[in-house]
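Reader: I have a model open and want to learn how to read it. Where do we begin?

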Amino acid sequence: MQYNVVVIGSGPGGYVAAIRCAQLGMKTAIVEKYDTLGGTCLNVGCIPSKAMLDSSEHFINAKEHFKTHGIEISEPKANLTQMIKRKAEVVKSNVDGIAFLMKKNKIDVHKGVGSFVDKNTIKVTGKDGKSTNLNAEKVIIATGSKPTALPFAPFDKKRIISSTEALELKEIPKHLIVVGGGVIGMELGSVYARLGSKVSVVEFLDSLIPTMDGTLGKELQKVTKKLGMEFFLGHRVTAVENKGKEVVLVAEPKSGGAPVTLTGDYCLVSVGRRPYTDGLGLEFAGIALEKGRIPVNDHLQTIVPNIYAIGDVVRGAMLAHKAEEEGMMVAEQLAGQKPHINYLLIPGVVYTWPEVASVGYTEEQLKSEGRAYKSGQFPYKALGRARASMDTDGLVKVLADKNTDEILGVHIIGARAADMIAAGVTAMEFRAAAEDVARMSHAHPTYMEAVKEACLAATANRSIHM
Ligand code: FAD
Ligand code: NAD
């Protein structure tokens, strides 16, 4: 079979690349080894985790907040089986949507493991062991990533689990131990904390979500403590052992002192993900990994000119929307266009409640680069909209160039931060000054007023409502 483009992997990188290639007139095929399309994001990542976050948020609202709003119900009970069933339905409607889009765009879907025979030939081996060879002028590798295990405690998928199993538990844990206070640890940890589990997070570094602006990690720790989550920051995990009905973890404080021993029923290990290239036969295409990732140039082209790679399998943040942008970029390049990605302005979001969202430089980065900057903050508790909904935890922090006032970073923790960060991206794409945003009318009462107020604070320390 002869194609202009063969895409390997159908996650947000791969399926978007395939659609854009087809839109631009290329005869396109996509290869996926799993039964359903959509990759990590749709099957075991972004979508199912958000479904569980939403269900558990409804539960805690019913349990703890309805009464204050004047809604009286009998004590709500969490039905995990139903939550997981609903999550599966949400996943199904999304993955079916991708299958529909493949048909609509006349993209051939080949189910099976794709592996290079040579730089222009991809062998697809189905579950039945039968194989087909696809001939491709161009190949886009979008094979994604898998969870990283602790070297001394491989996933047994029973007591020592990854996010995939954490999204399929049969019972609400009594005590969930989480290794890694990053995005997955905080999102899935908060799901189970809301459902009543005791949740203990053990993090190697001294703050949660350490790649984001330090203010956000501190605030997130404060608000999730209210949910009952406990934290062991600055701790090195030295052992995790499945003891049958329970799991025991030992961690040592990096600063010295007595080790901590935690006994729980599950240990979620969320210490990052590793690029996935197993079975891809990269060696037959002449590509070697560098630090575990497929090396690419600024055009996402590998050392072999007709082969490109995108998404989690290459450098950069492991985010669905980053993978999508890269898929678009490669497809448009193949059609002779000159697209560009501004990696600084790929936003990051943690879907806890309140949500955390960030774009641009963190304060720590600006300090370490010695850049002259100013900062403006506005707390949610001073916001009429936040008081009305009782979502008063959080703040907006805007960082701007000290001399030119150009916005350099927007960092939000608070209700609806995930949607609000798009305004920060837009402002920064157009290289707005903090004063530009401060002078724009923002509807009242909205959460976005906090962004305007933070810009006012950054511009001349003149927020109105503080
Ligand atoms: P993937 O989505 O990993 O897709 C790769 C696909 O390639 C898979 O379907 C795999 O089966 C297939 N494949 C691999 N090798 C082969 C082969 N040889 N032949 C055929 N097929 C192959 N990101 C966000 O931006 N927002 C979120 O809210 C978010 N939440 C997440 C929650 C969780 C629990 C997890 C685990 C991740 C989350 N992510 C989120 C990250 C996001 O899922 C990834 O960044 C994204 O899926 C990467 O897309 P990709 O296309 O590079 O790879
Ligand atoms: P992460 O990189 O967000 O967090 C891993 C955390 O584990 C870090 O804080 C790190 O310091 C810590 N850590 C590393 N080794 C450790 C050890 N031995 N002991 C204790 N702590 C240790 O990774 P993740 O949470 O596993 O998520 C994986 C990827 O999936 C991330 O790249 C993330 O971008 C993506 N993801 C994104 C979202 C989202 O966008 N909302 C949600 C889930 C996952």
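**Around the ligand**

Author: Begin with one contact: a polar side-chain atom of Glu32 sits 2.6 Å from an oxygen atom of ligand 1. A polar contact is a pair of N or O atoms within 3.5 Å; within protein, one must be able to donate a hydrogen and the other to accept it, and residues adjacent in sequence count only if both atoms are side-chain atoms. Before going on: this is a predicted model, where local features need pLDDT of at least 70, side-chain atom pairs count only at pLDDT 80 or more, and totals for chains, interfaces and linings use all residues. Residues are numbered from 1 along each chain as its sequence is written, chains are lettered from A and ligands numbered from 1 in the order in which they are written, and side-chain values use heavy atoms, with hydrogens and water left out.

Reader: Which backbone atom of Ala320 lies by an oxygen atom of ligand 1, and how far away?

Author: A backbone N or O atom of Ala320, at 2.8 Å. Ligand 1 taken alone exposes 1,000 Å², and the protein buries 95% of that. Such accessible areas come from the Shrake-Rupley method with a 1.4 Å probe; for residues, only the protein chains shown count as cover.

Reader: Which elements give two or more residues to the shell around ligand 1?

Author: Helices (H or I, at least four residues) and strands (E, at least two) are DSSP runs, numbered from the N terminus. Here they are α1 (12-23), β2 (28-32), α2 (39-44), α3 (46-65), β4 (113-118) and α9 (320-334). The largest share, four residues, comes from α2.

**The strands**

Reader: How do I read a sheet?

Author: Strands of a sheet pair through backbone hydrogen bonds, either parallel or antiparallel. Two strands count as paired if DSSP finds at least two bridges between them. In this model, five strands form an open sheet in the order β8-β15-β9-β10-β11, with parallel pairing. β8 (160-161) and β11 (230-232) are at the edges with a single partner strand each, so one side of each has no neighbour in the sheet.

Reader: How many bridges pair β9 and β10?

Author: Five, between β9 (residues 175-179) and β10 (residues 198-202). His175 has Lys198 in β10 as its bridge partner.

Reader: Which strands pair in the antiparallel sense with β5?

Author: β4 joins β5 (residues 121-125) by five bridges. Ser115 stands opposite Lys123 in β5. A hairpin of two residues links β4 to β5. β6 (residues 131-141) also pairs with β5 over five bridges. The hairpin between β5 and β6 has five residues, and Gly129 in the turn has a positive phi of about 85 degrees.
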